Amino acid sequence: MSYLNLFDFKQKINYKTEILAGLTVAMTMIPESLSFAILAGFPPLAGLYAAFIMGLVTAVFGGRPGLVSGGAGATVIVLIALMKSNGIEYVFAAVALAGVIQILVGIFKFGKFIRLVPQPVMFGFVNGLAIVIFMSQISQFKIQGTETWLSGSALYIMLGLVALTIAIVIGFPKITKAIPASLVAIFVVFAIVAGFGIHTKTVSDIASVAGGFPPFHIPKIPLNFETLKIIFPYGLIMASVGLTEGLLTLNLVDEITGTKGNGNRECIAQGSANILNGFFFGMGGCPMIAQTLVNLSAGSRARLSGIVAALTILLIVLYGAPVIGKLPMAALVGVMIMVAIGTFEWASFKIINKMPKHDIFVGILVAAITVLLHNLALAVLIGVIVSALVFAWESAKRIRAKKYIDENGIKHYEIFGPLFFGSTAAFAEKFDVTNDPEQIIIDFKESRINDMSAIDAVNKITERYAKLNKTVKLYHLSADCRTLLQNAEEVIEVNILEDPTYKVANR
C-alpha cells in the first residue's frame, strides 16, 4: 500500500467531492483559527500559518484520510499563560518541544493507550465538545472586541442570515449531494449580503488575513536549563492535549467511516507539524473535530480534501484576503452550529436508561469538565480515572469462595473472581483460620493473582495459618501468577508451611 493514500490508485477518489470538501473546510477553519489566535494574544497570522502547516503535514503524513488538523483552540488555550508571562518567542519554543514529545510518543507506540478510554468517556467528550462548539458561536453575536451583545437591526440581520444558512445546510442535500451544502450556504449568504449591500459582521472585523509565506524563524530564547524548565511543562501539556484530542477524533472518524486509522503515525505527523510551527511562526495545533466532521459530512474519504484545505488557506493569505475578509460571519456561524448539532451524540439519550448509573455519571462529568474548563485532556483523564475506580469497585465485589471439606479432612477454598488491590479485603474475609482443619487448599482455577496487593493478601493468609501450625497449598496458579509469587519472595516474607517456594500442587 502506498504511503500516501492520495496516490494509492486502489482507492477510488471522487476528486470533485474532495476539492469541494477541502474548500468548505478552509472556509470554516479561517475564522476559528483567527479567533483563537486573537484570544491568546498571538498575531492573527500565527493562527492561519498554524492552520496551513498543521493541515498540510497531517493530511499528507497523518494516521488516516479525512482527519483535519489546524490551529485548534484546545492546544492554544494551554499556551495563553506562557504568552502572558514570557512572550511569543517562548511560545514558539514550547510548540516545537511539544512536537518532539509527540514524535517520541509515536515512535514508542504509546498511541495505543487511547484504547483505555471507555465508551461513556467518548460520549461525554463528544457531547461536551459539541456544546463548546455551539457556545463559541454564540459569542459571535457580540460586538467585536467588547462584551456587548448585538441589538436592533444588526442582531436581526445576523439571526436571519444564520437561520438562512442553517436552512440551506438542512435542505440543499434533498436537492443534490453533488456539492457540499455547507459550501453552498456560505456562498449563497455571501452573494445575498454583497448583492443587497447588507451591513453585517464579516471575517475582516475579526482580523486581517493578508500576509506572506510563513517565514522561517528560530525562537529567540536563551538555550539553557532555565529556559527548558519554563517551556517543558507547557510543551508537555500541549502535546498531551493535542494527542488526546487527536486520537479521540481519529477513533471517531474510524467509527463514522468504518475504517481503521494508525494512531502512532498520527502522533508522528502531529509532532512534525508542530516542530515546523515552532520554526515557521505558527501557534501550533492538533486535529480539529469540528472541521473533521465538516470534511466527512461533505463526503470526503481521502487525503486530498485536507491538502486542498491547507493550500486554500495559504492562497487566501497570499492573494485572497480582500475577498475572504468580506465573508459574512453569520454564514460561518450557521455552518458551525450545524456541525455542533451533528457532533452531539443524540443516541446517548436513547440508551441512557439502559446504561449503568456509573456510566451515565462518567459521561455527564466528562461533558461538564469539557464545557466548563475547555480542557479536553483533563476531562478525558478524569473520566478514565473515575471509570477505572468504578471498574475496580465492581470487580472487587465479584470475589467469591466455594468452601468444602473432602473425605480426607482437607478444607478446600475454591476462589472465583480476580484477586487484586480492590478485592483483597473481601478475599481475607472468606477464610475461617481458627476453625479450619490442619490442611487447607486454596484453588485459584477460577481466579488469578493480579498485583502486589494480591500477593501480600495470599502471604498474610498463609502467615495466619502458619502461626497455628496449619499447612496451606495453592492449586491451579497460572504461569504468570507463579512468576509473580516467585519474584515477590525477595520483597515479602514467604510463610507457607512446608511450601516455602510457593511450589504449586498438581492434581
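Which helices are among what covers the buried residues of α6? Helices α7 (181-196) and α12 (329-343) are included in that cover. This is a predicted model, where local features need pLDDT of at least 70, side-chain atom pairs count only at pLDDT 80 or more, and totals for chains, interfaces and linings use all residues. Residues are numbered from 1 along each chain as its sequence is written, and side-chain values use heavy atoms, with hydrogens and water left out.

**The whole protein**

- You'll find 18 helices and 6 strands here; both are DSSP runs numbered from the N terminus, with helices being H or I over at least four residues and strands being E over at least two.
- Taken along the principal axes, the C-alpha atoms fill a box of roughly 100 × 55 × 50 Å.
- The protein has 507 residues, and 55% of them count as buried. Buried means under 20% relative accessible area, exposed means over 50%, and partly exposed is in between (1.4 Å probe, protein chains only).
- Take the contacts (heavy atoms within 4.5 Å) between residues at least 6 apart in sequence: 82% of those join residues at least 24 apart.

**Helix α6**

- Helix α6 covers residues 152-175, and at 1.5 Å a residue its 24 residues should span 34 Å. The expected span is 1.5 Å times one less than the number of residues. The end C-alpha atoms are 34 Å apart, so the two values agree.
- There is a kink of about 30 degrees at V169, shortly before the proline P173. The bend at a residue is the angle between axes fitted to the seven residues ending there and the seven starting there.
- V169 is also one of the buried residues of α6, along with M158, L161, V162, T165, I166, I168 and F172.

**Salt bridges**

- The structure holds 5 salt bridges, each a side-chain nitrogen of Lys or Arg within 4 Å of a carboxyl oxygen of Asp or Glu.
- One of them pairs D254 with R64, with the closest N and O atoms 2.6 Å apart. This pair links distant parts of the chain, 190 residues apart: D254 sits in helix α8 (residues 225-257), and R64 in the loop between α2 (44-61) and β1 (69-70).
- Are D254 and R64 buried or exposed? D254 is buried at 9% relative accessible area, and R64 counts as buried at 5%.
- K229 and E226 form another salt bridge, with their closest N and O atoms 3.6 Å apart. They are 3 residues apart in helix α8, so about one helical turn separates them.
- K229 is partly exposed at 48% relative accessibility, and E226 is partly exposed with a value of 48%.
- E394 and K397 also meet through their side chains, at 3.5 Å from N to O. Here E394 is partly exposed at 27%, while K397 is exposed at 53%.

**A buried asparagine**

- N127 is found in helix α5 (residues 119-138) and counts as buried, with 9% relative accessibility.
- What does N127 touch, not counting residues up to four places away in sequence? The answer is F344, E345 and S348.

**Strand β4 and its partners**

- Strand β4 (residues 411-419) is mostly covered, as 7 of its 9 residues are buried.
- Strand β3 (residues 400-405) runs antiparallel to β4, and 6 bridges join them. Strands pair if DSSP finds at least two bridges between them.
- The partner of H412 in β5 is I441.

**Cysteines**

- A disulfide is a covalent bond between the sulfur atoms of two cysteines. The rule used here asks for a pair of cysteine sulfur atoms within 2.5 Å, and by this rule the count is 0.
- C267 is buried, with a relative accessible area of 0%, and C286 counts as buried at 0%.
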